[in-house]
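Please consult the sequence and the model while reading the points below.

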Amino acid sequence: MTIPRSPRRPRAGRATTAAAGLLATLMVAAGCSAGGAQSQAGGEPQEGGDLVFLIDSLGPTWIPNNSSISSFQGHIWGHLTDKLVYVDENGAVSPWVAESWDQNEDATQFTLHLKDGVTFSDGTPVDAEAVVANLDIWARGDVERGINPIGLFPKTYVGSEALDDLTVQVDFDAPTLGFIPTLGYHGSILIAPETLASSAEEQADLANDIGSGPFVVESWTEGDEVVLKKREDYDWAPAALDHDGPAYLDTLTYKVVAEPSVRTSAVQSGQAQVAYNPSPQELEFYGEQGFTVAAPRYLGFVNGYAINTQVAPFDDVRVRQALQVGIDRDEILSTVYTDDWLPAESFIQSNVPGATDHSDALVHDADAAAALLDEAGWVEGSDGVRTKDGQRLAFTLHPNPYLATSQAVDELVAQQLAELGFDVDIQAYDVITYGERVSFANPSIPTYEVTRSFIDAGTVAGVLTDADNGENWFNVGQSDPTLTGLAQDVATATTTEERDPALDELQGYVLDQAYFVPLTQIAQRLYLQSPDVQGVTYNGVAYANYYTAWLAE
Amino acid sequence: MSSTTNRSAARRAYGRYAVRRLAQAVAVVLLAYVFTFLVISVLPGDPVSNILRDPQNNFSEQEIARIVAYYGLDQPLWVQLSEALSRFVVGDLGVSLRSNLPVSGLLADVLPSTLRLAGAALAVALVLAFAIAFGVRNLPAALARPLRAFPSLFLSVPNFLIGLLLIQWFSFQLGLFLVIDAESLWATFFAAVALGIPVSAQIAEVLIANLDHEARQEYAAVARSRGLGRARLFTAHLLKPSSLPVVTVVALTVGELLGGSLITETIFGRNGVGNLVQRSVATQDLPVLQAVVALAAVVFVVVNLVADLVYPLLDPRVRLDASPAPKKEVSA
């Protein structure tokens, strides 16, 4: 196996930025500044070139259904496979392998019309039969073979059938407005039926997983690297990407480098073109040196706290509302993050279609928060902590281990709330312990930190209450008829025109009741990129797409 | 006549000793296997539900339970253990719960990289240790004395710091190797330096102490009185007896080479046993961890067994009936 070598040498010049700390010193010692001389929107796309992408991990397994939800493997799947529809960073849905689609009036039956001539890399056609095989495995998995369903696939799925070679009919047992957008989710990848029918052990070998994407697997080593090469006969990219035919780049290499400072320094010295997940603190330094920093938002929930309303002190709406206005979100943005992060406007990201601006409800107002706590009967003691009937106004935050900056944000929030008379404790767990001990509606968990992507706002309805096996984020159950009614309106809407007003009302109500306390919009996938890399596109779940990218020399 | 009887008696004694040590070795490997199983089973969760519980996945508890049942992870502990153990004794290492790939293949992928790194690191450590020992005995006192501080310095500098500095200088500044080509000759060499430096410290300490001890012996005084130079005395008389205990130290550092390789492999982006362990610990991938622990136990036991079996041959003064291990005392 050959590893594509980058011929570039460290650039001349000297970093003059004085930076504190060992890692910063090391970076300065590297003495190679890009100087910001490169033009950002540069010239004609160039053919050829090898792009090296340094990543923290390659995730658990390559069984398509079991792995495509991983933040790491999603990068590779996005290049090996196509989807039925394309969803851009604003949530707009456009044709891809499905050229067009119809739906019945109550959104329970959809007909997909497929593009002709699309083939998997083994030569077999991406036809209606292949799409039906994929839909079935996404919806149901195959537990007999240890293959999961796709978690976000609508649970209302009844089945699908091939009407002819290029037409698929899909049926649901309830209105499922989110079906078409969910086809653009990073889990909904089209895989050759022969692969889908093979055993879990066979599918776990990435070389056996046949897709129809612009790249194919050249070689891979478990836990170490994946080398992709372009498919010369690729000719069915989504029109939204504004590029036809094969990719510009010859190869794409995803190489695991677990140490973040080594990843970023390797990009700085020209040994690689992209470093995934640099720490936010490093971004300004590299930005000043002319490197491109991309922090695309994904469609989904913002970063924030879902509040357990059955647990004291949050069983009192006034205490929840005090939390809602007592947190200074601007200070979080300016202290922990950079300009690439945006303030939350609702509890769903502002690029989700149907999201509306409720920033008025999130304005920091310490006086109002204090008044709410006074009204609720919490009296400030000599140590600055409020008490009521001998109880202290105390609760514990559990930083989200899936988000590197979560602990820093929680520490800041704890300080801010301490000034209001809260006593906030922070208990951090690793991913495994967190998964075991922290969950929604657990009586010992007063707040649950949410980070979750989705494609369609209809997903929201399924988390607010426990109706229809909902996740019941706020432990309200169905005791709040307003919440249950609004969630029901969103879930059963048959058109977005009908759904949007209900969704707007729902967002306002959830924020007003302070069931959810948003912090910031989330940018969970960060990219530090050499200025040579041009034309990168980001889809609705913030994955970088190098099909459209080229290397400028 | 009596010398023949003695010789065959000695051979029988050596045979009994070898068999006893071999039986101990097998027991150690099996116990390590069972112990790993029990320790991991005490921890919360299992690899399958840990992955499925990632909030991005949106799986219900029922769905998670169905998949967990497929992997037999809902079975009682003793059922899982007896199944794993009966597979292990016939050489079947099972399938990774995380990646669904055969464990034997995963090990085969990473073992060569780690063996190259550990071998090169041991060579670096030996060269460094002998160079320091030579300097200490042969350089003028003003230079030799600070040199004696090197081993403790080597031990106190963290391995990852040495690694990061080496990468910064030799890869990012001088371009001698590429971090994305972690298995290249130069990349392996510098990783071996990072890993070998702390290991060399212990070897150097033992070597220096033994050289000091041997230099005080009568034969050394006699040799000096015959007018032998420092360097000649060192190579011809002191080095051999002082090097013997190094065999024991090297056997003991094998564990350190395997353990230290995790950090070095992570920093240098190498795909070795250490990285496999890290990935498997993070997901509690029991079949992989058990196989790696068994492998480590085998390596450790074999290396020590070889050292124990070789020692009586090198040094006839070692008594074979002494138990536990009849190693020559290391005068460090």
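This is a predicted model: local features need pLDDT of at least 70, side-chain atom pairs count only at pLDDT 80 or more; totals for chains, interfaces and linings use all residues.

Residues are numbered from 1 along each chain as its sequence is written, chains are lettered from A and ligands numbered from 1 in the order in which they are written, and side-chain values use heavy atoms, with hydrogens and water left out.

**Interface of chain B and chain A**

- Chain B contributes 48 residues to the contact and chain A contributes 59 residues, contact meaning heavy atoms within 4.5 Å.
- About 4700 Å² is buried between chain B and chain A, and carbon and sulfur atoms give 57% of that area; buried area is the accessible area (1.4 Å probe) that two parts lose on being put together, summed over both.
- Three salt bridges are found across the interface, a salt bridge being a side-chain nitrogen of Lys or Arg within 4 Å of a carboxyl oxygen of Asp or Glu.
- A:Lys155 and B:Glu63 form a salt bridge, with their closest N and O atoms 3.7 Å apart.
- On the side of chain B that touches chain A, the elements giving two or more residues are α2 (47-52), α3 (61-70), α5 (103-138), α8 (159-173), α11 (230-268) and α12 (273-283) of chain B; helices (H or I, at least four residues) and strands (E, at least two) are DSSP runs, numbered from the N terminus.
- With eight residues, α8(B) gives the most to this side of chain B.

**Cavities**

- There are five cavities of 30 Å³ or more; on a 1 Å grid over the protein atoms alone, a cavity is a set of points where a 1.4 Å probe fits but cannot get out, and lining residues have an atom within 4 Å of a point.
- The largest cavity has a volume of about 190 Å³, volume being the space filled by probe spheres set on the points, which are joined across faces, edges and corners.
- Its lining comprises 21 residues, and A:Gly78, A:Lys83, A:Trp96, A:Asn539 and A:Asn545 lie nearest the centre of the largest cavity.
- The largest share of that lining, five residues, comes from α3(A).
- The second largest cavity has a volume of about 100 Å³, and its lining includes A:Thr61, A:Asn66 and A:Asn148 as well as B:Val48, B:Ile51 and B:Leu52.
- In the second largest cavity, α2(B) supplies the largest share of the lining, three residues.

Key
On a 1 Å grid over the protein atoms alone, a cavity is a set of points where a 1.4 Å probe fits but cannot get out, and a pocket is an open set with protein on both sides within 12 Å along at least five of seven lines; lining residues have an atom within 4 Å of a point.
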